[in-house]
Amino acid sequence: MITFTISLVALVLGYLLYGKFVERVFGPDDRETPAVSMADGVDYIVMPNWKVFMIQFLNIAGTGPIFGAIMGMWFGPSAYLWIVFGCIFAGAVHDYLTGMLSMRNGGAGQPELIGKYLGQGVKKVMLVFAVLLLVMVGVVFVYSPAIILSGIWGDRLMWIGIIFVYYIIATLMPVDKIIGKIYPLFAFSLLFMAAALMVGLFVKQPHLPELWDGLGNMGAEQFGMKNPIFPALFITIACGAISGFHATQSPLMARCVKSERMGRPIFYGSMITEGVVALIWATISSYFFFDGGWKEVVSAETVQQFNDSGKTLIQFFDAPAVVKEVCSGWLGIAGGILAMLGVVAAPITSGDTAFRSARLIIADFLHIKQRGMAKRLMIAIPLFVVSLLFLVWQMENPDGFNVIWQYFGWSNQALSVFTLWAITVYLTRQGKPYWITLIPALFMTTVCSTFLFISKQAFGLDATLSYCLGAACLLVAVVWFFVWKRKATH
């Protein structure tokens with residue numbers, strides 16, 4: 001619990017100190033924002049700052065800081081370092097500067113920003129890449145909440161249908177009609193869940209692995225996990241540290257902010273808040289798996305089922321199962337229902353805005369104005385047909401969720417690489433301290449390239465060879481940047 005406490009304090013200080021520094025680097029002013037100058041009553045609408053924060057937080061949260069943190073903590077205490085340093089120096093910087101650049105460019109989406117700073121060829125690749133990622137997010141965030149809800153009441157297929165219908169409605173309606181009205185309730189549920197579980201941790205004071213107990217893969221010995229911490233940890237924990245998906249979400253709220261000066265609390269602050277949620281669930285996962293906490297929250301019948309299954313703890317209790325057991329076991333019926341609402345709300349409120357982002361990205365590329373319903377349907381109908389095909393495949397494949405999550409994890413982080421490089425180019429051209437995004441860009445380039453070489457879902461090369469190739473990609477990126485910088489600044 002000492003590492004957990006220090007990590008919480010570090011996140012708060014990161015917002016107060018480093019967040020203020022990054023804000024000064026960008027330099028927000030009093031110019032008119034797109035929410036005012038381009039108001040259309042559908043996507044460009046001025047909303048209260050507190051509501052914009054809630055929507056941004058829920059948009060980026062999803063199941064990422066929950067499921068990702070649970071699975072990431074299987075590696076051990078090294079997950080704490082990634083959540084804290086990744087969130088403060090990479091994720092929050094990435095989200096803040098993406099949101100601010102979007103405001104400075106008429107609410108431009110992520111592919112538009114990448115095209116402006118990295119070229120039109122890269123923009124076209126990122127357009128396809130971003131839309132595919134958003135579809136995967138939407139599909140994952142249909143299925144995972146349906147699993148949780150069906151465990152409480154009803155049939156899984158019924159919940160999938162209900163959630164999907166909601167996605168269609170929320171994607172097509174003006175942003176303030178549904179999203180702007182129901183998100184505060186969902187945000188309260190999610191924050192209540194996090195606060196209640198954090199209080200539970202401090203009351204119980206479980207004996208957890210600390211940083212000084214070692215940074216190696218603790219799951220390898222106890223659970224048979226063979227994936228190396230580098231790069232697997234940095235792919236598994238994405239939304240709680242840095243996530244390219246966030247770059248597709250920040251422009252949504254950049255179209256609803258009245259003043260640039262609210263950028264730090266809205267964009268940087270929401271990422272720090274997500275980091276806190278990730279820390280809490282990582283610690284709960286540590287207690288659940290490493291300190292025998294699972295025996296406290298599950299029934300005797302479940303214990304017997306586990307003993308009879310012949311599976312490891314990780315195989316038997318996947319991330320959704322951990323969430324379900326902990327919420328109902330720790331917080332009682334009433335608290336458990338409210339907490340579960342928060343866990344369910346998080347992915348649903350990311351899924352609907354994922355589809356909304358995909359609609360807007362395609363509309364921007366095709367130059368189709370979205371004021372009229374017919375024009376929104378023109379883009380949304382094919383989008384949802386493709387999503388249904390993904391969903392059917394996932395439901396028919398027993399390991400479909402895990403497969404999509406793995407591809408989502410790598411695609412998500414790869415998207416952050418391109419976004420970080422685009423921001424780095426912007427900062428360099430403006431004569432600003434470009435190192436604040438160059439260092440994260442180089443690190444994530446190495447992570448994603450190494451994972452591509454070492455992962456069995458990609459090339460599946462030998463670990464030593466994969467690390468060497470990852471290092472080579474790092475060297476190429478360094479040389480490329482400084483050669484480009486020399487030409488661009490002379």
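# Close-up views of a predicted model

**View 1. Thr-446 within helix α20.** Thr-446 has its place in helix α20, which runs over residues 435-454, and the model in which it is shown here, as in every other view, is a predicted one. Thr-446 counts as buried because its relative accessibility is 12%, which falls under the 20% limit that applies to buried residues. A polar atom of the Thr-446 side chain lies 2.9 Å from the backbone oxygen of Leu-442. When residues up to four places away in sequence are left aside, Thr-446 touches Phe-230, Gly-470 and Leu-474.

**View 2. Thr-437, also found in helix α20.** Thr-437 is found in helix α20 and, with a relative accessible area of 0%, Thr-437 is buried. The side chain of Thr-437 is joined to the side chain of Thr-424 by a polar contact of 2.8 Å.

**View 3. The cis peptide bond at Pro-231.** The peptide bond that leads from Phe-230 to Pro-231 is cis, and its omega is near 10°. Pro-231 lies in helix α11, which is made of residues 229-236.

**View 4. Two loop residues with positive phi.** Gln-205, although not a glycine, has a positive phi of about 45°, and its place is in the loop between α9 (179-204) and α10 (218-223). With 47% relative accessibility, Gln-205 counts as partly exposed. His-367 is likewise a residue other than glycine with a positive phi, here near 60°, and His-367 lies in the loop between α17 (319-366) and α18. At 71% relative accessibility, His-367 counts as exposed, because the limit for that class is over 50%.

**View 5. A nonpolar patch on the surface.** Val-165, Ile-169, Met-173, Met-373, Leu-377, Ile-381, Val-385 and Leu-389 form a nonpolar patch on the surface, and together these residues have about 670 Å² of accessible area. The elements that give two or more residues to the patch are α8 (156-172) and α18 (373-396), and α18 gives the most, with 5 residues. One of the patch residues is Val-385, which has its place in helix α18 and is partly exposed, with a relative accessible area of 45%.

**View 6. The largest nonpolar core and Tyr-268.** The largest nonpolar core has 160 residues, and those with the most contacts inside it are Tyr-268, Trp-281 and Phe-289. Helix α7, residues 120-152, gives the most to this core, with 17 residues. In soluble globular proteins, nonpolar side chains tend to be buried together. Tyr-268 touches Gly-14, Tyr-15, Tyr-18, Gly-19, Val-22, Ile-88, Ala-92, Val-93, Tyr-96 and Gly-263, again without counting residues up to four places away in sequence.

**View 7. The salt bridge between Asp-43 and Arg-359.** The side chains of Asp-43 and Arg-359 meet in a salt bridge, with an N to O distance of 3.3 Å. This pair links distant parts of the chain, since Asp-43 is in the loop between α2 (34-37) and α3 (49-61) while Arg-359 is in helix α17, 316 residues apart. Both Asp-43 and Arg-359 are buried.

View 8. The side chains of Glu-260 and Arg-104 meet in a salt bridge at 2.7 Å, N to O. The two residues belong to distant parts of the chain, 156 residues apart, with Glu-260 in the loop between α12 (245-254) and α13 (263-290) and Arg-104 in helix α5 (residues 78-104). Glu-260 counts as buried at 1% relative accessibility, whereas Arg-104 is partly exposed, with a relative accessible area of 24%. Salt bridges that share partners join Asp-29, Arg-31, Arg-104 and Glu-260 into one network. Within this view, the side chains of Arg-31 and Asp-29 also meet in a salt bridge, at 2.8 Å, N to O. Arg-31 is partly exposed, with a relative accessible area of 41%, and Asp-29 counts as partly exposed at 22% relative accessibility. The count of salt bridges in the model comes to 11.

Definitions and conventions. Residues are numbered from 1 along each chain as its sequence is written. This is a predicted model: local features need pLDDT of at least 70, side-chain atom pairs count only at pLDDT 80 or more; totals for chains, interfaces and linings use all residues. Side-chain values use heavy atoms; hydrogens and water are left out. Helices (H or I, at least four residues) and strands (E, at least two) are DSSP runs, numbered from the N terminus. Buried means under 20% relative accessible area, exposed over 50%, partly exposed in between (1.4 Å probe, protein chains only). A polar contact is a pair of N or O atoms within 3.5 Å; within protein, one must be able to donate a hydrogen and the other to accept it, and residues adjacent in sequence count only if both atoms are side-chain atoms. Contact means heavy atoms within 4.5 Å. Patches are made of residues with over 30% relative accessible area and no salt bridge: like charges are joined within 9 Å, nonpolar side chains (Val, Leu, Ile, Met, Phe, Trp, Tyr) within 5 Å. Accessible areas come from the Shrake-Rupley method with a 1.4 Å probe; for residues, only the protein chains shown count as cover. A salt bridge is a side-chain nitrogen of Lys or Arg within 4 Å of a carboxyl oxygen of Asp or Glu. A nonpolar core is a set of buried Ala, Val, Leu, Ile, Met, Phe, Trp, Tyr and Cys residues joined through side-chain atoms within 4.5 Å.
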